[in-house]
Protein chains: 2
Amino acid sequence: MKRSKRIRAFLITLFLLASPGYPATHEARSAQPSAADPLPSWNEGAAKTTIIRFVQSVVDKKGPNYVSPESRIATFDNDGTLCVERPTYFQVEFTLNRIKVLAEKHPDWQGDKLIQAAIKQDLATLRGKYRVKGLGKLMALTHSGITTDEFELAVRNWIKTAKHPTTGRLYREMIFQPMLELIRYLQESHFNVYVVSVAGIDFMRVWAEEAYGIPRENILGSRTKLKYDKINGRPVLMKSSDIIFVNDGDGKPAAIHQMIGRKPLLSFGNSDGDIEMLEWCDANEHKSLAAYIHHTDAQREWAYDRGSRIGTLSKGLDEAREKGWLVVDMKKDWKIIFPFQKAKAAAGR
Amino acid sequence: MKRSKRIRAFLITLFLLASPGYPATHEARSAQPSAADPLPSWNEGAAKTTIIRFVQSVVDKKGPNYVSPESRIATFDNDGTLCVERPTYFQVEFTLNRIKVLAEKHPDWQGDKLIQAAIKQDLATLRGKYRVKGLGKLMALTHSGITTDEFELAVRNWIKTAKHPTTGRLYREMIFQPMLELIRYLQESHFNVYVVSVAGIDFMRVWAEEAYGIPRENILGSRTKLKYDKINGRPVLMKSSDIIFVNDGDGKPAAIHQMIGRKPLLSFGNSDGDIEMLEWCDANEHKSLAAYIHHTDAQREWAYDRGSRIGTLSKGLDEAREKGWLVVDMKKDWKIIFPFQKAKAAAGR
């Protein structure tokens, strides 16, 4: 390579690094969208085109829909939007696993039928007999009376080894490759990407950072009261079971307002619990993109919407049609679902 | 300039822009520290040296105290730390002013003695007779039953014209020039700078963005419940007077944990309400810098600490001595106090 060419290549590299708003402190992770196609796991079609055209219009300084980087806020629901939510939410699986771990030190738990059902991961009994109250008790046993540091370590360890009960895959593999590519595409287009989840913030923060490469300060979740205390003179925050904020439904725009202070420019959900967040996005003064992930693929993932107990999507589906929001059809719009299918897809080309 | 020199200059410019973690989306504001001296309004001495050496050690990749940019969290209290808090907090002044504005549409308020004291800005009566309960009533009248957008506009308008009762200066001029320089120095050293204030988040967000150039998503404050509603089909968040979180004392580390998820690496406060935040900073796994601003300058600002009603600094002063935290002596350590003294100081050199 000639000297002038080398300088030119160097300049281009630097110029890419120097783009304003590039989230340089957070390494780009595995999704690696190519420059040519930022969404390689999406099939060609209306959904992919809508997303790419929208992002292009936002970053086009000369276009009518240009938005400056500080207002490029993207908010994603987690369960069912970025990862599988069947047979149940990951945090519930974590809870059952943690009950099992803690039970070793609690011989007094042996006669407790709720705890025994949890240890057996007997979701049918837990749902049918113990319901939300039972889950509340299990959450209290596993999520409180522990410092935030200890809890973080427990979540981190769980993520390393825990496997999905149906597929036997690691949980961290049960995430949606097309959404990973979208997150990376947005980050590279200088969007500030957030997760806005009903899950507890201390759980979600560890999960979202590891699974999606979204920094921990960009995680919004449900919150319980924390007690400031000292152990051997060292300050700690003790987790309690006293819920002070539920980050679902109309809680989502409230949390987005109080934690971010700007309306989303792009927002993805997958259930009726995301309606208000999508409406809040839709109310952005700039042209915005609100979207649902529709679980339509019984073969490769799960198919459910109106009648489902988990991830009910009914009112949202109607409203999306009425307002012209994007509805992503997993079966039709996604070439592959999970990251581990990438190699296969590439080989099959 | 020769071509090779031009290329070199261009490369250097790009290289500076490309430094990891540079908060490129947020313009640097007025403080303009020179490359030679990032803190020109600080007198030479132990405080200035401690701060500069600390920041240099954090960014020194080869040194033992290097911290990667994503963990460079700086948290600042607001009232008394970044701006004047006498005769009372800015948000209280805003409240009294807003009562006056609203009174024009409320002839029914004419017989209300609390409201009349507020309109007269009669702090003695308000404090002596009506106390916290009276302030609570005034806050409810001015801070609730209004959408977050309307409230933001009211704060923005107030900031534009409101004047400090003692000095007659605009409130936005009653901020500490040495702290502005410190904020800018930290931002340029790739710290993520936050305000952590007992003031309401919707007030503080507008204030801190305008006064200090700290982006709105980096503001932590007290929170009241928000009600998601629709006006003519358009979604809004209505402010209520139902306080759900008080961001003071042991609330500060809790909020820092739940909103940022990392311990501060540097933290400045000025009162006993900041003790827990500074302890939380002190507990950082990296070498950290916890500091108090000590109001010692009766001539140029105010002098108060242990006996004061506003900004009491007593237990904190003892703890700072015990733990070796930095205590900034305003009289001794600051060359000038306010931005409008800059020109004078330069002329007097």
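**Before you start**

Residues are numbered from 1 along each chain as its sequence is written, while chains are lettered from A and ligands numbered from 1 in the order in which they are written. Because the model is predicted, local features need pLDDT of at least 70 and side-chain atom pairs count only at pLDDT 80 or more, whereas totals for chains, interfaces and linings use all residues.

**Stop 1: chain A as a whole**

Select chain A and colour by secondary structure. Chain A has 13 helices and seven strands; helices (H or I, at least four residues) and strands (E, at least two) are DSSP runs, numbered from the N terminus. Of its 349 residues, 44% count as buried. Here a residue is buried if 20 or more other C-beta atoms lie within 10 Å of its own, exposed if 12 or fewer, and partly exposed in between, with C-beta atoms placed from the backbone. Take the contacts in chain A between residues at least 6 apart in sequence: 65% of these join residues at least 24 apart. A contact means that the C-beta atoms of two residues, placed from the backbone, lie within 7 Å.

**Stop 2: the sheet of chain A**

Now show the strands of chain A. Seven strands form an open sheet with mixed pairing, in the order E4-E3-E2-E1-E5-E6-E7. Two strands pair if DSSP finds at least two bridges between them. Strand E4 (234–245) and strand E7 (326–329) of chain A are at the edges; each has a single partner strand, so one side of each lacks a neighbour in the sheet. On average, neighbouring strands of this sheet are turned by 30° against each other, direction ignored.

Select residues 192–200 and 219–231 of chain A, which are strands E2 and E3. Three bridges pair these two strands in the parallel sense. A:Gly200 has A:Ser222 as its bridge partner in E3(A).

**Stop 3: two helices of chain A**

Two packed helices are described by the angle between their axes and the distance between the axes. Select helix H6 (residues 148–161) and helix H8 (residues 201–212) of chain A: their axes are 9 Å apart, and the packing angle is about 45°. Axes are lines fitted to C-alpha atoms, for helices over the stretch in contact, and angles run from 0 to 180 degrees between N-to-C directions. H6(A) and H8(A) are therefore oblique to each other. Angles under 35 degrees count as roughly parallel, over 145 as roughly antiparallel, 65 to 115 as roughly perpendicular and the rest as oblique.

The crossing of H6(A) and H8(A) is right-handed. A crossing is right-handed if the near helix is turned clockwise from the far one by less than a right angle, and left-handed if anticlockwise. Show side chains at the contact: H6(A) contributes A:Thr148, A:Phe151, A:Glu152, A:Val155, A:Arg156 and A:Ile159, and H8(A) contributes A:Asp202, A:Phe203, A:Val206, A:Trp207 and A:Glu210. By class, six of the residues in the contact of H6(A) with H8(A) are nonpolar, one is polar and four are charged. Ala, Val, Leu, Ile, Met, Phe, Trp, Tyr, Cys and Pro count as nonpolar, Asp, Glu, Lys and Arg as charged, and the others, Gly among them, as polar.

**Stop 4: strand E1 of chain B**

Move to chain B. Its open sheet of seven strands has the order E4-E3-E2-E1-E5-E6-E7, with mixed pairing. Select strand E1 (residues 73–76) of chain B. In a regular strand the side chains alternate between the two faces of the sheet. Both faces of E1(B) are covered: B:Ile73 and B:Thr75 on one side are buried, as are B:Ala74 and B:Phe76 on the other.

Which residues stand beside B:Phe76 in the neighbouring strands? In E2(B), the bridge partner is B:Val195; in E5(B), B:Phe268 stands opposite. E1(B) runs parallel to E2(B), with four bridges, and parallel to E5(B), with three bridges.

From E5 (residues 266–269), continue to strand E6 (residues 289–294) of chain B; the two run parallel and are joined by four bridges. B:Leu266 has B:Leu289 as its bridge partner in E6(B).

**Stop 5**

Select helix H8 (residues 201–212) of chain B. H8(B) lies across E2, E3 and E4 of chain B, at about 135° to E2(B).

Finish at B:Leu182, in helix H7 (residues 177–188) of chain B. Is B:Leu182 buried or exposed? B:Leu182 is buried, with 28 other C-beta atoms within 10 Å. Apart from neighbours within four places in sequence, B:Leu182 is in contact with B:Leu39 and B:Ile51.
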